[in-house]
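Dear colleague,

Please find below the structure that I am handing over to you. My notes on what was found in it follow directly after.

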Amino acid sequence: RAARWTLNLPYHLATMTSVSDGNRVAHRAVRRGTEDAECESVYASVGAPFAAVSGSLEYFLTERYCLYHRTRRGRPYRLDIHHRPWPLQRAEGAFRRNSIPAASGLDLRGEPVLLHFAKRLDVVTWAPTFL
């Protein structure tokens with residue numbers, strides 16, 4: 001709620017459950033107020049944690065240190081983010097159901113061709129800088 005209200009980020013309340021069976025996790029999320037935005041997946045980490053190498057695809061996809069967005073009135077801003085490198089692990093998994101992208105106007109088909117897992121990463125952010 002705070003990120004949606006203060007930063008106008010497209011976050012939604014959802015009922016979520018995760019069940020872990022050793023290394024494998026079954027996850028389900030249903031956006032509150034609608035049943036047409038639901039995701040059910042199962043995934044497991046494969047291998048030891050690693051930090052993405054600068055210049056690699058994993059680095060490009062995960063090592064983001066700011067985000068850009070607009071306020072409700074359309075004013076652009078930048079939010080700086082600090083975190084340690086992601087402790088990535090290769091993963092395997094599958095979606096049993098995923099209607100969240102379609103509910104947001106996105107067309108994503110098929111299974112992911114690249115999948116990683118991170119157990120946890122703490123971040124620090126600063127107040128937005130208006131552009």
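Arg97 forms a salt bridge with Glu38, the closest N and O atoms being 2.9 Å apart; a salt bridge is here a side-chain nitrogen of Lys or Arg within 4 Å of a carboxyl oxygen of Asp or Glu. Arg97 belongs to strand 6 (residues 88-98) and Glu38 to strand 3, so the pair ties together parts that are 59 residues apart in sequence. Helices (H or I, at least four residues) and strands (E, at least two) are DSSP runs, numbered from the N terminus.

This is a predicted model, in which local features need pLDDT of at least 70 and side-chain atom pairs count only at pLDDT 80 or more, while totals for chains, interfaces and linings use all residues. Residues are numbered from 1 along each chain as its sequence is written, and side-chain values use heavy atoms, with hydrogens and water left out.

Glu38 also forms a salt bridge with Arg28, where the closest N and O atoms are 2.7 Å apart. This pair links distant parts of the chain, with Arg28 in strand 2 (residues 24-31) and Glu38 in strand 3, ten residues apart. Arg28 has a further salt bridge with Glu40, at 3.7 Å between the closest N and O atoms. Since Arg28 lies in strand 2 and Glu40 in strand 3, this pair ties together parts that are twelve residues apart in sequence. The search of the whole structure finds eight salt bridges.

Arg28 is partly exposed at 38%, as are Arg97 at 36% and Glu40 at 25%. Buried means under 20% relative accessible area, exposed over 50%, and partly exposed in between (1.4 Å probe, protein chains only).

Strand 3 covers residues 38-50 and includes Glu38. Leaving aside neighbours within four places in sequence, Glu38 is in contact (heavy atoms within 4.5 Å) with Arg28, Ala29, Val30, Arg97, Asn98, Ser99 and Ile100.

Glu63 lies in the loop between helix 2 (57-62) and strand 4 (66-70). Glu63 is buried yet has no salt bridge, and the nearest side chain of opposite charge, Arg64, is 8.2 Å away. A polar atom of the Glu63 side chain lies 3.0 Å from the backbone nitrogen of Trp86. Apart from neighbours within four places in sequence, Glu63 is in contact with Glu58, His83, Arg84, Pro85 and Trp86.

Two further points concern other parts of the chain. Asn8, in the loop between helix 1 (2-7) and strand 1 (14-21), has a phi near 60°, a positive value in a residue other than glycine. Asn8 counts as partly exposed, at 25% relative accessibility.

Leu57, Phe60, Leu61, Val113 and Leu114 form a nonpolar patch on the surface, with about 550 Å² of accessible area together. Leu57 lies in helix 2. Patches are made of residues with over 30% relative accessible area and no salt bridge, like charges being joined within 9 Å and nonpolar side chains (Val, Leu, Ile, Met, Phe, Trp, Tyr) within 5 Å. Accessible areas come from the Shrake-Rupley method with a 1.4 Å probe, and for residues only the protein chains shown count as cover.

With kind regards

Terms used:
Lys and Arg count as positive and Asp and Glu as negative; His and the chain ends are not counted. A polar contact is a pair of N or O atoms within 3.5 Å; within protein, one must be able to donate a hydrogen and the other to accept it, and residues adjacent in sequence count only if both atoms are side-chain atoms.
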